[in-house]
Every structure is written in C-alpha cells, then in structure tokens.
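Colleague: Please pick one part of this model and walk me through it closely. I would like the cut-offs behind each term as you go.

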Amino acid sequence: AQADTDLLRQATGPTDQVTRFFAVISALLGLLLAFNAMLLTAPERRRLVGALRMQGYLPRQVVALVLFQATVLGLAASAVGVVGGVLLTHGLFDETPDYLAPGFTLGSHTVIGALPVVLALAGGVAISCLAAAPPLLDLRRGRAVDAVFRDSGAPGNALGTTARRRMLLGMLGSALSLIRPPIPEFTV
C-alpha cells in the first residue's frame, strides 16, 4: 500500500508544482494590483486624514476609519477576484489548456480548494490595509494637524525618504513571505 501511495505522490508531483507555481504568480499579481490600486487613492486619503484632524477627530478614530475602509475595499476586491477566477477556471478553462497538459497527468479539471480562497481573501485585506497606511503617517507626533495642506507638491508624493524606505522594506518582506522554496523529497 505504501508503494502505491509513493507512486501516486510521484505521479502527481508535476501537477502540484505547476499548480503551486501558477498560484504564487497569480497571488503576487493580484496583490500588486490591489496594492497599486490602493496607492492611487493615497493623496485623497491624506487630504481626508488632514481634514478629519482639523475637525477634531482623535488619531485612533482616524486609524479606525481608514482601516475599516481598507478592510471593506480589500474584501470586496478579493471577493470579485476570487469569483472572477472561479468563473474563468470553470467556464473558460473548463479543461486544462493543451500547453499545460504535460503538467496535469492525472486529470483534466482544475480543482480549487477552500484554503487558496481564504488565503486570497486574507491577502487582499492585508495588502489593502498596508497600502492604506501611508496617509496615517501624518498622525505621527510633532506633525501639524494641517501638514498635508502645507506641503508643496502632490500630497501622496510628499513622503520622506525614511518613510519610503520603510514602506519598501515592508512590501518586499510581504512579497518574500509568499515565496517558499521547494523542499526536496528523497526516496529510498
């Protein structure tokens, strides 16, 4: 029985590798698109944060509002992406395309489990919350309440060098956490 299990695992190895590869590429692409879409609204969100602070909102209230908006947008965008992916997978690509056929040795249908869907939703929410963070940098101590309106240039481009470096490191860290090196399997 163990030999049959080992043979099945060896036969499905290419399928698992191809599936993991396309899942990682799709996840990275989706996360980058969501991140960039959220960053497009950073100047408006910065102005909103400044206006709320000038109206007397507490920093924790502003943080709660921005994170709530990011969570709702992340869930909505991720849900649309997951539904679109499922429709494409089962509608347009009902069978494995010919150029992928060598990688799918034991079946012709793509199976989508619950774990990738949950990870896609969680990743979309996490990346949208990360992308919503730059406007919150105006809540730091020592910043004037109306600092966003005093800065020259576009509000989204007025971030300091240190803040941009920290954001770059955070983004690279989140992208690298998605990539997992393959673990070699040894058979005896």
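Modeller: Happy to! A word on confidence comes first: pLDDT is the predictor's confidence in each residue, on a scale from 0 to 100. The protein averages a pLDDT of 75, and 73% of the residues score at least 70. Where pLDDT is low, the predicted coordinates should not be read in detail. Among the elements, H2 has the highest mean pLDDT (86) and H5 the lowest (72), and H2 is the part I have picked.

Some ground rules: this is a predicted model, in which local features need pLDDT of at least 70 and side-chain atom pairs count only at pLDDT 80 or more, while totals for chains, interfaces and linings use all residues. Residues are numbered from 1 along each chain as its sequence is written, and side-chain values use heavy atoms, with hydrogens and water left out.

For the setting, the protein has 6 helices and 0 strands, where helices (H or I, at least four residues) and strands (E, at least two) are DSSP runs numbered from the N terminus. Along the sequence the pattern reads α-α-α-α-α-α. Of the 188 residues, 23% are buried; buried means under 20% relative accessible area, exposed over 50%, and partly exposed lies in between, with a 1.4 Å probe and protein chains only. Contacts are counted when heavy atoms lie within 4.5 Å. Of the contacts with a separation of 6 or more, 78% join residues 24 or more positions apart.

Now to H2, which covers residues 42-54. The expected span of a helix is 1.5 Å times one less than its number of residues. For the 13 residues of H2 that gives 18 Å, and the end C-alpha atoms are 18 Å apart, so the two values agree. Just after H2, glycine 56 takes a positive phi of about 100°.

The buried residues of this helix are Ala42, Pro43, Arg45, Arg46, Val49, Gly50, Leu52 and Arg53. Arginine 46 sits in H2 and aspartate 138 in the loop between H4 (114-131) and H5 (147-150), so the pair ties together parts that are 92 residues apart in sequence. The rule here asks for a side-chain nitrogen of Lys or Arg within 4 Å of a carboxyl oxygen of Asp or Glu, and by this rule the count comes to 1 salt bridge. Both partners, arginine 46 and aspartate 138, are buried.

Leucine 139 lies in the loop between H4 and H5 and counts as buried because its relative accessibility is 16%. Leaving aside residues up to four places away in sequence, leucine 139 touches Val49, Arg53, Pro59, Val62 and Val63. Two of these, Val49 and Arg53, are among the buried residues of H2. Leucine 139 and leucine 58 are 81 residues apart along the chain, and their C-alpha atoms are separated by 9.4 Å.

Alanine 126 lies in H4 and is partly exposed, with a relative accessible area of 48%. Its C-alpha atom and that of leucine 31, 95 residues away along the chain, are separated by 9.2 Å.
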